[in-house]
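Have a look at it below, and then we'll go through it piece by piece.

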Amino acid sequence: MSNIAKAFENGKAFIPFITAGDPTADKTVEFIMEMVRAGADLIELGIPFSDPTAEGEVIQNANVRALKAGITTDGVFEIVRKVREMSQVPIVLLTYLNPVFHYGYDAFFARCKELSVDGIICPDLPYEEKEELSGVAAEYGVDLVPLIAPTSKERTQMIAREAEGYIYLISSMGVTGVRGQITTDIDAMVRSVREVTDIPCAVGFGISTPEQAAEMAGKSDGAIVGSAIVRMIEQYGTEAGPHIYEYVKEMKDALRGVR
């Protein structure tokens, strides 16, 4: 069983996201370990980028803060190395293609393998061009996790058939960010996926409350939350650890017993 598969083997998965290096690299390590302690099943870790087109204002600002603090791709790998000294929690890097291209595909995925990075999400890599990364990622044992949006429609099954790790179902149109209500027909998206694969599906974009997380996990295999956590880091800075722990614990507790 892959490390990612383990995240989904004991009920619904709670998957938090944070931006690496916000506010510092050492604090990112601390925050990840607080989330693991609180019950997070898998960590999505963002590599800061100057033009994160899929992100809303909250995560865009986190990218700016991390870049101003001097975080680099090597700095992100160092964060992962420190986490790996304490935990084997599944880690999936969320990055745009540019940082990977400039690092060098082979060099990037070799580092991922060395540090037991389990997967990568690349929001600006279209399915039709995924071969640019999929071959080299597979060579180093890293899953290329796809995103499926409400607009994917006839492309949903095409993407799902070749999915690795898990499928990131985008709950809402637009960019990342907290939403008061999620109106997308997630049930229909999951049914479409289930016709061609049994790979886990987790829902992200807009989830911020335990009630939303439980509702979305009830329709899928897990809930992904980013902006609500990143906003805590923006608010509390280096003192955000205890707040993150309590929030992640509350969210994970909301998923326990959801079927």
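Is the crossing of α6 and α7 left-handed or right-handed?

## Two helices that cross

The crossing of α6 and α7 is right-handed; that word applies when the near helix is turned clockwise from the far one by less than a right angle, and left-handed when it is turned anticlockwise. Before going further, a word on the source: this is a predicted model, where local features need pLDDT of at least 70 and side-chain atom pairs count only at pLDDT 80 or more, while totals for chains, interfaces and linings use all residues. Residues are numbered from 1 along each chain as its sequence is written, and side-chain values use heavy atoms, with hydrogens and water left out.

Back to the pair: the axes of α6 and α7 cross at roughly 40 degrees and come within 9 Å. That makes α6 oblique to α7 (under 35 degrees counts as roughly parallel, over 145 as roughly antiparallel, 65 to 115 as roughly perpendicular, and the rest as oblique). Axes here are lines fitted to C-alpha atoms, for helices over the stretch in contact, and angles run from 0 to 180 degrees between N-to-C directions. On the α6 side, Tyr 105, Asp 106 and Phe 109 make the contact, and on the α7 side it's Glu 132, Leu 133, Val 136, Ala 137 and Glu 139. Contact means heavy atoms within 4.5 Å. As for the labels, helices (H or I, at least four residues) and strands (E, at least two) are DSSP runs, numbered from the N terminus.

## The buried side of α6

Which residues of α6 are buried? In this helix, which covers residues 105-114, they are Tyr 105, Phe 108, Phe 109 and Cys 112. Buried means under 20% relative accessible area, exposed means over 50%, and partly exposed is in between (1.4 Å probe, protein chains only).

Looking down the axis of α6, you'd find its buried residues within an arc of 85 degrees, so they line one face of the helix; the arc is that of the directions from the helix axis to the C-beta atoms. What do they pack against? The partners are α4, β3, α5 (97-103), β4 (119-121) and α7 (131-139).

From α10, the contact takes in Pro 210, Ala 213, Ala 214 and Ala 217; from α12, Glu 250, Met 251, Ala 254 and Leu 255.

Most residues other than glycine have a negative phi, and most peptide bonds are trans. Now for some exceptions. Ser 116 isn't a glycine, but has a positive phi of about 60 degrees. This serine sits in the loop between α6 and β4 and, at 35% relative accessibility, counts as partly exposed.

Phe 205, also not a glycine, has a positive phi near 80 degrees. You'll find Phe 205 in the loop between β8 (201-204) and α10, where it counts as buried at 9% relative accessibility. Then there's the cis peptide bond joining Asp 22 and Pro 23, with omega about 5 degrees. Pro 23 belongs to the loop between β1 (13-19) and α2 (25-38).

## Two buried loop residues

Where is Pro 48? It lies in the loop between β2 (43-46) and α3 (57-68), and it is buried, with a relative accessible area of 9%. Not counting residues up to four places away in sequence, Pro 48 touches Thr 19, Ala 20, Asn 63, Ala 66, Leu 67, Ile 71 and Val 76.

Ser 87 lies in the loop between α4 (73-84) and β3 (91-94) and counts as buried at 11% relative accessibility. A polar atom of its side chain is 3.0 Å from the backbone nitrogen of Val 89. Leaving out residues up to four places away in sequence, Ser 87 touches Met 33 and Val 36.

Ser 192, in helix α9 (residues 186-194), is buried, with a relative accessible area of 18%. Apart from its neighbours within four places in sequence, Ser 192 is in contact with Thr 156 and Gln 157.

Neighbours within four places aside, Glu 234 is in contact with Asn 61 and Arg 65.

Conventions: Polar contact = N/O pair within 3.5 Å; in protein donor to acceptor, adjacent residues only side chain to side chain.
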